[in-house]
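User: I would like to go through this model and ask what the labels rest on. Please set each value against its cut-off.

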Amino acid sequence: MNRISHSTVQRILDAADIVEVVSDFVSLRRRGANWVGLCPFHNDRSPSFYVSKAKGMCKCFSCGEGGSPLTFLMKLEQLSYNEALKYLARKYNIEVEERQMTEEERRAETARESMLALNDFAMRFFETTMRETDAGRDIGLSYFRYRGISDAMIERFHLGFAPESKDALWNEAVRRGYSEDYILDTGLCYRTDDGRVIDRFRGRVIYPVLSLSGKVAAFGGRTLRKDKNIAKYVNSPESLIYSKRRELYGIYQSKQAIAKEGKCIIVEGYMDVISMHQAGICNVVASSGTALTIEQVKLIKRFTRNVTLIYDADAAGIKAALRGIELLLQEDTDIKVLLLPPGEDPDSFAQSHSSSEVMEYISARETDFVTFMAEILLREKPDDPAHRASVITQVVKTIALIPNEITRSVYIQECSRILFISEDVLRREVGRYFNEYALKSRQDRERAEAPLTAASPSDGPAPAQGEGPAVPLSPATAAEAERRRKLRPAELEVARLVVRYANYPFANLVDENGAETPLTVIDYMDSELARDNITFSNPDIAHLMREARVISRADWEADLARERDRLLAVRAEDYKAGIEEIRSKATDLGSISAMEKSMQERIDASFQEGLDSFASSYVSRLMCSSPDDIVRNLATELVAENHILSKMHTKYAHVPTERELLSDLLPRSVSELQDALVATRIIEARRRLAACEADPEAARAVMVELSELAALRMELARLIGDRVVAPVKA
C-alpha cells in the first residue's frame, strides 16, 4: 500500500485555486482584491466569508473558519487528508503518484482499511439477507414495516437483518477471503471459551452506524425475541475503527441538513432518528445508545452551535436531558430542550403527526434550559422551601458551566425572573461555582499537560481531560503550566512570522570580502534563538517549529528551481508580447527605447515578486495542507488574516506590508520572547525570595538576581520600542 508522493502533493497544491475550489460550494462575488460570500460553516446572513486568491486562503470573519483549499474541503466535506487531496486531483485532472509507505504505516493502514471494507461487506450481507431470504423478509422486513418505516428509509439507513444461524456471517466472510483476525477485531463475531466462533448479531435487525465520511464504523442489533434473558440491544465493541464516544447515529445522513438548518436535534434511539427523517426533519442524530459525550458535542459543533434536545417525558428521559444540558453548556452551545407529551417518544410522535405538525410543535414548545429545569425540578415539591432552594442551587451550578460571561448574565436574569430570587444573590453564587469549575478545569488541563515536554506531541497521547477527581498540582507542575501560559503569546508571534515567511530572503549577509549571502527568515530565527539558547515551552509550538525547519529544507531547492523555470517562461512570454505591443504603438526610435526600458523594468519586477512570493509562502502553504493535524490547524490559525485593510487607508497612501517590515518585526519578536522569558524568571525569583526569608544570605543573592533581571528588562524594553506603522506617501 502506498502514500501520495510529495511531487504529486506539490502539483495538486500548485493547481488548486482557492477561488475555484470554494466556488464549488459558495456563491462568490468580487470585492477589491478578494472574493466574498456567505460562510458555509455557519448560518451566515451577510457575507463574511472572504477568499484571497493571492494568498490561497479563505477565512470567515464571523465564525473564524477557513484555511487552504485542502483544509476548506476537509472541514466542509469532512474528508480525510488523502480524500481531500484526491478530490482536488480529480478536479484538476492530476494523476496521483504514490510513494511506498513504511512498514509501520502499511500495517496500520492495512488494518484500518481492511476492517472498514469488512464492515461494508457485513452491511451488504445484512441488507441482502433481509431482502432476499424468507427469514429476512418475514422477520426483519416485517418488523420495520410494522414500525412504519418506508422502503426509502430502509435503504437510506441501510437497515438489515442477521440470520439466526450462529456462524452464517463468519462462514460467508471467510469464504470471501476476509481475514479471520479482522472479523474478530471488528466484533462482528467473537470466540467462545471452548474455541467456537459465534456471530455477534445473529437473529437481530441491524442498524449500521456510519461515520461522518460515510464509512461503516459499527453496528447496532435489536433482538425481536421476548426472552428477557437476551439483551435487547447488542452493539459493536470498541475497535481500531470504532469509538462509541466519537460517533453519532445518523450524522452522515444528517450533516447537510444540520448545516443548512443551523440546528441539530438530538434524540435517544435509532428509530427516533429514522422516523424523524421519514417525517422530513433530517437534522436529527442520536448518541448511539450512550450518554452524550464531549467528543460527540464537538462533532456537532463542526456544523452548528444550536442544539435542541428531545427526550421522553419519563424519569429516564428527564435525567438524560439534564445530563446533556450540562455537557452542551460547557462547550458553549445554544441549547433548547423539548419534552414530548406523556407516553410519546420521537419515533411515535413523528409517526403519528405530519412533518409540519412536528416542526410546529418543536418551534412552539422548545424552551431554554433554565425554564426547563425550573419547571421539571419544582414539579415534585412546589411548596417545599428546602426543595426550592435545592432546585435553585442546581440551576445556579448549571449556569456556572457557561464559559461566555454575557450568556451567563442573560441566564442569571432569566433565572431571577422565573424563580423570584435576587439577581445579586444569583450572581454571587454563579461566580463562586464558576471559579470552582475554572480551578478544577485548569488543574485537569495542567495535570494532562504535565508529562509533556518540548518534544513532539506525537510522542504519545495526552491523558484525557476532565476524567477522574481533581488532584492538587505540585508547586513545580503548577509553576511550569503558568510559565507556558505566559510565554505562549510571544512564542506564537515568533512561530507566526516563521510560518508565514520562512524561506523569504529578507536581508543579505555581507562577508569581509563584500560578498552577499541571502538571509532567510527561518535562518535568522534559528540563529537568534540558538544564540540565546531559547527553546519553546509549549509543546505544540515546538512541534510546529521543528516541522517548519524540515519543510523549509526538504524539497526547497528542487521546488524553487521548478518555480524559477516557470516564472522565466512567463517572463519570456510577457517580453515577447510586450515587444509586439511596442512595435504596434511606437512612432520613433526614442519612444521605442523608453518603452522597452519601462517594459523590462516592469517584467523584471514581476519576475522578482513572483520569486519572493513563492519563497515567503512556500512553508505556510505546505504546513496549512499538512497531514499532521497539529501542524495544519496551528499553521492555519497563524497564517489567517484577522482583518482586511479598508480601501480608504490605501487609496492615497502606501501602507507598508508586513513583509516589507520584516527587518524590524523579526528582531522585535525575538526581543519580546526574551522579555517574556525574563518576566517568568522574575516571577520564579520572587517565589524563591519568599521561600528563603529565614536565610538572609540566600535572600540577598536572589535580590541581586532580581535587580539584574529588572535591568535586563529595561534594556529589552528599549529594543522593543513602540509598535507604530505609519503610512508612506505613494
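Analyst: Two strands count as paired if DSSP finds at least two bridges between them. The model is predicted.

User: What makes strand S14 and strand S16 a pair, and which residue is the bridge partner of Ile-266?

Analyst: Strand S14 (residues 264-267) and strand S16 (residues 306-311) share three bridges in the parallel sense. The rule asks for at least two bridges, so the strands count as paired. Ile-266 has Leu-309 in S16 as its bridge partner.

User: Why are S15 and S17 said to stand at the edges?

Analyst: The open sheet has four strands in the order S15-S14-S16-S17, with parallel pairing. Strand S15 (284-286) and strand S17 (334-339) each have a single partner strand, so one side of each lacks a neighbour in the sheet. From one strand to the next, the twist averages 25°.

User: How do you know that the buried residues of helix H12 are on the same side?

Analyst: Gln-296, Val-297, Leu-299 and Ile-300 are buried in helix H12 (residues 294-301). They cover an arc of only 155° around the axis, which puts them on the same side of H12.

User: What makes Glu-366 and Lys-263 a salt bridge?

Analyst: Their closest N and O atoms are 3.1 Å apart. The limit is 4 Å, so the pair qualifies. Glu-366 lies in the loop between helix H15 (355-365) and helix H16 (369-378), and Lys-263 in the loop between helix H10 (251-261) and S14, 103 residues apart.

User: How do you know that Asp-526 is buried, and what is its salt-bridge partner?

Analyst: Asp-526 has a relative accessible area of 19%, and the cut-off is under 20%, so Asp-526 counts as buried. Asp-526 forms a salt bridge with Arg-553, with 3.4 Å between the closest N and O atoms. Arg-553 is partly exposed at 44%.

Methods
Residues numbered from 1 in each chain as written. Predicted model: local features only at pLDDT ≥ 70, side-chain atom pairs only at ≥ 80, totals over all residues. Heavy atoms only, no water. Axes fitted to C-alpha atoms, helices over the stretch in contact; angles between N-to-C directions. Buried < 20%, exposed > 50% of the residue type's maximum accessible area, 1.4 Å probe, protein only. Arc of directions from axis to C-beta. Salt bridge = Lys/Arg side-chain N within 4 Å of Asp/Glu carboxyl O.
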